[in-house]
Amino acid sequence: MGGEFKGFLDVKDILTERKAHIMVKSGCCGGGEIRCEKESIAGSVSQRACVYCGARVVLNPITDAVHIVHGPIGCASYTWDLRGSLSSDAALFRNSFSTDLGEQDIIFGGEKKLEAAIEEIVKKLEPKPKLIFVYATCVVGVIGDDIDAVCRRMQKKHGIRVIPVKSSGFTGAKPLGYKLACAALLELMGDDQQEKQPGINILGDYNHGGEIWIIEGYLKKIGIKVIARVTGDSTYGQLIKAPSASLNIVECSGSMAYLSKQMEIKFGIPSIRVRFIGFEDIRNSLVQVAEIAGGQGAVDKALKLVDEEEARVKPIIETFKKRLSGKTAAVCVGGTYKAIAIIRQLKELGIRPLIIGTQHGSPEDYKTIHDFSVEGAVILNDTSPAEIEKYIREKQPDIFVGNVKERVLALKMGIPFVDFNHDRKYPLTTYEGMINFVTELDLTANHPVWKWARTDLISKKDEFETMISAEEEVLVK
Amino acid sequence: MKNRNFTNLNINPCKMCMPMGAAIAFRGIENSMMMLHGSQGCSAYMRTHLTTHFSEPIDIASSSLHENATIYGGADNLKKGLKNLIQLYGPKVIGISTTCLAETIGEDIKRIAAEFKAENDVSGINIITTNTPGYGGTLYEGYFTALNDIVKQVAKQDSLHNKINIIMPYLAPGDVRNIKGMLESFDIEYIMLPDISKTFDAPFSKEFKKIPEGGTKYDDIEAMSGAKATLEVGATVPDSISPGKYLLDEFNVPLYRCPIPVGVENTDHFVKILSSISQRAIPERFPEERGRLIDGMIDAHKLSAGIKALIYGDPDLIYAVSCLCLENGMNPSIISTGTHGSILRELLSGKIGELEEKPLILDETDFETIEKHALERKVNLIIGNSGGKQITEKYGIPPVRIGFPIQDRYGGQRLVYTGYSGSLKLLDDICNTMLAGKFGMHRKIMLERYFHKE
C-alpha cells in the first residue's frame, strides 16, 4: 500500500479529480463540457455550505416568522441575523432561535424539547407569531426526530402555521435546501385556488440593501401591483395571498426554480425570468413584465421610465467607464444567476472577465456562462481557494468580484475587490445598484493602497546601506 | 436567578460550538491545516465567521460527509479528504476535529487517522485528533479540549530544559504579540501554545502563502514535557481540559495559573510570576508603564465611576475585564457568558462582595436574557464581541469591542488590551466611548434641564 500514492507529498495546485470541473472558453459557442451538480470532493476546501444554509437563506427574509433551528447550537449561532435583508416592519426574523440540543437530547431524542420550545414561544412571545419554521440540522436527521409530527401537532393545537424544513446538512447540497424552502413556501400557500387578481409576485429577491423596494418602485410607476414579495421583506399575510397573482417574475432562478414551476402547475401562474443588473437586462425585464402583466399602456410607461433612468444613469456610468474600460476581472460567486448578470454588466463596462466561478451551476447554466464569456476565460464549478489562487497568479485580473471568503484571499494577494455578497449593505441591482457597483469597482481598482502594496522598505541588502548613507546626508544638511 | 428566560430555547446565542474552538487552537501550530470531519456546511460557516473577524483567508478542509457516508461510515471520506488536503496544501501537521454529525454516527477518528498513516507513506506529517461534538460544549471548551489533546498526543518524555510553557487563552493576535513582548522583557525562553500572533494576522506580502508563517513548532510541543514550568493564562480553565494540569500530572512540570493580565492587579500578578519563574528582577519598563496606567486611572476616575457596564464573552476574558472595571470604580452590572461558569462565579464572588449593587452573573445564558437584564439594570456601556450589536442598534447603548467575533468593527485581530499599557488603552477606549455619548448632546440637555423660558 505504501507505494500507492507515488509523489504523494508533491503539492499540486489542482486535484486530478477536480480537472473535469474546470473548462476554458474557446470558440464562439457550444463546445466545452463541465462536470457539475456533484458532491463536493472531501479535502478540496470547497466554498460551498450545506442544505440547511440553502433553506435558511431563502426563508430567513420572511420578517414576521420565527425560525427555530432544531439541533445543537452551532448552526443557529453562525446564521444569526446572517444577511443584509431589510424589513419595512417586523424584526422577528433577526432573532436566532435554537433548541440548543445537548448530549442527553441526542441520546434520548429531541422531540420533546422541540415541542416544549414551540409551546414556550406561543406562550411568551408578544404578539403571538403566526408562522414558525422548524429547521432540522444534521444531528436531528440522524437521531430520527419526527419533526413532521411535532409541527403538525403544534399547528393544530395553537392554530398557527408550524412548518417543518427537513434540512439536515449532509442530505445533499445547498440547492436541495432551496428546494426544501420552496416546498415549505408551497405548504404555507396551501392547496386552495384563489381568485386571480391583477398583480404579480416577485420571486427570488431577498431585499439586500433595499433592492426589492426599488424594483417595487419601478413597478408602481408602470402601474403593476405587487401581491407578494418572495421572500425579501415578506410577511405571512403577503405570502398566503401569493396564489392570487397573475404572474411570477423570477430573479434568482437558482433558488426559486422549483417554486415557480410548482406555482404554475398548482395555481396556473405563469412565470418569467428577469434580471435587474445592467442596462440591457433591466430594460428587457421591465418591458417584458409590462407587456405580460399590464398591456400597452404599461409598456409605454415602462419605456418612459427606462428612457428617463438611462438618461440619468448612463452619463454617470460613462464617466466611470473611461476609468475602467480595458481592465480584466475575476468573478466567483455562489449562484449562476448572479454570475451571468455580473459578467454581462462587466462587459457593458468594457471589463473582460477572465475567471468565472460558481458553486452550484447546472449544465445549462454553464453553457450560458460559456456563451457570454470572453475567449480564454477559465470557468470553474465548485471552486476552491487553491484553484482561485492558481488562476489569479496565471491571469492577474485587475479586479475580483466575489463573496466574503473570496474577498480575504483576493485582498491578501493584492487584487482590488468588490463584494457582491448577501450581507451587503447597499443595493447592487437596479439602476441605483449599477451606480453603486461602478463606484465600488472604480474605488477599489484605482485606490492608492495598491501602489503601496507593491513597495518594500528594503528590497536588497545593499539598498539598506544606501538608505543609511542617504539619511546621514540629510542629517548633515 | 434563572440563566435564561426560555427553558427550552436558546435565543440569540452567546456561544459558538466546540469545533470552532478547535479551529482557532489548531491554527496556532506551525505549518498546520485543519480537517473537520462532518458535513460541508460546518467548515463553510466557521470559515466565514473566522474570516469576518480576522480579515484573513482561512482554509478549513471538510470531509464533506453526505448521505452514504452517514449511513455506512465516513472513514473513506476522511481518508480521501486527508490525501487531497496534503496534496493541495502540503502541511506538516493536520488537526482533525469532529462535528455533531461525526460524533452522532460514532466515527472513531483516532483509528481512522492511524489507518491512514499505516496505509500511506506520510511519515513527515503529524496528525492530531480531537473530539469536539457541537453539542458537547462551547467554543471555549472546544479550544481547551483541542489544546489538551495536542499536548497529550504530541508532548513526549524529553530531557529537561530551561524554557517555560505558556498556555494561551483566546486573545487577539495583537495581544499575543504584546504578551510575547512582556516575556521577552524578562529574557524568558518560552514555548507558547497556541501562537496565533502571525497565523491569524499575517503581514501583507507580495508572496502569498497558502499556510501563513508562524505558529508553535511541533518539536517545541514535543518538548513541553521537559519545561521548567508551565504558565497557564486564564484562571477559569477546568482541570479536565487543562493542558497545564496534564503536564503537571504526567510530567511533573510545575504549574502556575493566572488571570489574563488586564487591570492593575492581574498584570501585577502576571509580572510577578514572570519574575519568579525567570528569577530576574522586574525590568524598568513595568513600573513605568504601571505608573502611567494609574496616572490614567486617576485622570479618568470621575468619568469611569459613572459607568455601568454589560460584559459578556469567554469566562477568562470577562473575569479580567470585570477586574479592570472594579479597579476603576465602574459597576460591572452584568457579567455574562454562554459557557458553563462555576469557576468564574467562584472567582468573582471574592471580588464583588463589597459592592452595594451586586453584579448579576449569568452563565450558559443567551442574548435574549442579557438584553432584558441590560434594560432593567439600565447599563450605559457594553463591553464584548459583536453579539451585542442589536442591543446597541435598538437602545443606543454604546459598545467597546473585545473578544471574538468582532465583525462590525475594524481591527478585532489587532487589539492590545493586556499588560499595563494595554489596560490603559482599554480604559481609554471605555471612557472615550462613554464620552462620545455623554457630551455629544451636553449643551442641549443642560439647556432643557435648567433654562427657564420667559
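This briefing walks through a helix pair and a set of parallel strands in chain A. Please keep in mind that the model is predicted. On the helical side, H7(A) and H10(A) come together with axes within 8 Å. On the strand side, E6(A) pairs in parallel with E7(A) and also with E8(A).

**The helix pair**

- Helix H7 of chain A covers residues 174-189 and helix H10 of chain A covers residues 253-267; their axes cross at roughly 35°.
- The crossing of H7(A) past H10(A) is right-handed.
- From H7(A), the contact draws on A:Pro175, A:Tyr178, A:Lys179, A:Cys182, A:Leu185 and A:Leu186.
- H10(A) answers with A:Gly254, A:Ser255, A:Met256, A:Tyr258, A:Leu259 and A:Gln262.
- Sorted by class, this contact of H7(A) with H10(A) contains eight nonpolar, three polar and one charged residues.

**Strand E6 and its partners**

- Strand E6 of chain A, residues 200-205, is mostly covered, with six of its six residues buried.
- Strand E7 of chain A (residues 226-231) runs parallel to E6(A), and five bridges join the two.
- Within this pairing, look for A:Asp205 opposite A:Thr231 of E7(A).
- Strand E8 of chain A (residues 247-250) is linked to E6(A) by four bridges, again in the parallel sense.
- Here A:Leu203 has A:Val250 of E8(A) as its bridge partner.

**The β-α-β unit**

- E6(A) and E7(A) also belong to a right-handed β-α-β unit, together with helix H8 of chain A, residues 211-222.

Conventions
Residues are numbered from 1 along each chain as its sequence is written. Chains are lettered from A and ligands numbered from 1 in the order in which they are written. This is a predicted model: local features need pLDDT of at least 70, side-chain atom pairs count only at pLDDT 80 or more; totals for chains, interfaces and linings use all residues. Axes are lines fitted to C-alpha atoms, for helices over the stretch in contact, and angles run from 0 to 180 degrees between N-to-C directions. A crossing is left-handed if the near helix is turned anticlockwise from the far one by less than a right angle, and right-handed if clockwise. Two residues are in contact if their C-beta atoms, placed from the backbone, lie within 7 Å. Ala, Val, Leu, Ile, Met, Phe, Trp, Tyr, Cys and Pro count as nonpolar, Asp, Glu, Lys and Arg as charged, and the others, Gly among them, as polar. A residue is buried if 20 or more other C-beta atoms lie within 10 Å of its own, exposed if 12 or fewer, and partly exposed in between; C-beta atoms are placed from the backbone. Two strands pair if DSSP finds at least two bridges between them. A crossover is right-handed if, with the strands pointing away from the viewer, the path from the first strand over the helix to the second runs clockwise.
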